[in-house]
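Work through the exercises below with the sequence and the model side by side. Try each task before reading its solution.

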Amino acid sequence: QVQLVESGGGLVQPGGSLRLSCAASGSIFRSNVMAWYRQAPGKQRELVAAISSGGSTNYADSVKGRFTISRDNAKNTVDLQMNSLKPEDTAVYYCYMPRVGSWGQGTQVTVSS
């Protein structure tokens with residue numbers, strides 16, 4: 001079983017930045033797609049960004065140009081750099097490995113003045 005642990009959430013003002021990080025256990029990390037999802041209160045969980053083992057990326061339209069997903073296969077980590085944050089980005093953010101269906105515990109991001 002792969003374990004995923006997120007960190008880096010918090011409270012930030014609109015226009016600010018945060019960097020989320022997800023650390024994965026196990027040796028299969030480097031060969032797998034990784035993704036970040038988010039879930040706002042009363043809404044369904046949605047894909048934010050994904051990155052292939054080779055570094056190809058895709059983003060939700062709502063975050064394109066503001067968020068950047070990256071990975072370090074040597075450290076088994078996947079990060080999400082979030083810039084120009086908006087109140088509508090407020091949600092719990094989850095790290096996800098689709099191949100094995102593993103989710104992290106989530107980290108809260110709140111964008112508010």
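Rings of Phe, Tyr and Trp (its six-membered ring) pair if their centres lie within 6.5 Å; planes under 30 degrees apart count as stacked, over 60 as edge-to-face and the rest as tilted. By this rule the count comes to four aromatic pairs. The model is predicted: local features need pLDDT of at least 70, side-chain atom pairs count only at pLDDT 80 or more, and totals for chains, interfaces and linings use all residues. Residues are numbered from 1 along each chain as its sequence is written, and side-chain values use heavy atoms, with hydrogens and water left out.

**Exercise 1. Aromatic rings**

Task: Classify the ring pairs of Y37 with W103 and of Y94 with W103.

Solution. 
- Step 1. A pair of aromatic rings is described by the distance of the centres and the angle of the planes.
- Step 2. For Y37 and W103 the centres are 5.1 Å apart and the planes stand at 70°, so this pair is edge-to-face.
- Step 3. Strands (E, at least two residues) are DSSP runs, numbered from the N terminus. Y37 belongs to strand β4 (residues 34–39) and W103 to strand β10 (residues 102–103), so the contact ties together parts 66 residues apart in sequence.
- Step 4. For Y94 and W103 the centres are 6.2 Å apart and the planes at 85°, so that pair is edge-to-face.
- Step 5. Check exposure. Buried means under 20% relative accessible area, exposed over 50%, partly exposed in between (1.4 Å probe, protein chains only). Y94 has 13% and is buried. W103 has 35% and counts as partly exposed.
- Step 6. Collect the cluster: Y37, Y94, Y96 and W103 form one.

**Exercise 2. A charge over the rings**

Task: Over which ring does the charged end of R45 sit at 3.7 Å from the centre?

Solution. 
- Step 1. Set the rule. A charge sits over a ring if NZ of Lys or CZ of Arg is within 6 Å of the ring centre and within 35 degrees of the ring normal.
- Step 2. The ring at 3.7 Å is that of Y94.
- Step 3. The charged end of R45 also sits over the ring of W103, 4.5 Å from its centre.

**Exercise 3. The open sheet**

Task: In which order do the four strands of the open sheet lie?

Solution. 
- Step 1. Two strands pair if DSSP finds at least two bridges between them.
- Step 2. β1 (residues 4–7) is joined to β3 (residues 18–24) by four bridges, and the two run antiparallel. Here L4 has A24 as its bridge partner in β3.
- Step 3. β7 and β8 (residues 77–82) are antiparallel too, over six bridges. T68 has Q81 as its bridge partner in β8.
- Step 4. The order is β1-β3-β8-β7, with antiparallel pairing. β1 and β7 (67–72) are the edges; each has a single partner strand, so one side of each lacks a neighbour in the sheet.
- Step 5. Look at the faces of β1. L4 and E6 are on the covered face, V5 and S7 on the uncovered one.

**Exercise 4. The disulfide**

Task: Which residues does the disulfide join?

Solution. 
- Step 1. The criterion is a pair of cysteine sulfur atoms within 2.5 Å.
- Step 2. The link joins C22 to C95, S to S 2.1 Å. The angle about the S-S bond is -80°, and the link is left-handed.
- Step 3. C22 is in β3 and C95 in β9 (residues 91–97), so the pair ties together parts 73 residues apart in sequence.
- Step 4. C22 has 0% relative accessibility and is buried. C95 is buried as well, at 0%.

**Exercise 5. Salt bridges**

Task: How many salt bridges does a search of the whole structure find, and which residues form the network?

Solution. 
- Step 1. A salt bridge needs a side-chain nitrogen of Lys or Arg within 4 Å of a carboxyl oxygen of Asp or Glu. The search finds five.
- Step 2. R19 bridges to D79, with the closest N and O atoms 3.2 Å apart. R19 in β3 and D79 in β8 are 60 residues apart. R19 is partly exposed at 44%, whereas D79 is buried at 15%.
- Step 3. E46 and R38 meet at 2.7 Å, N to O. R38 and D89 meet at 2.9 Å, N to O. Both R38 and D89 are buried.
- Step 4. The network links R38, E46, R66 and D89.
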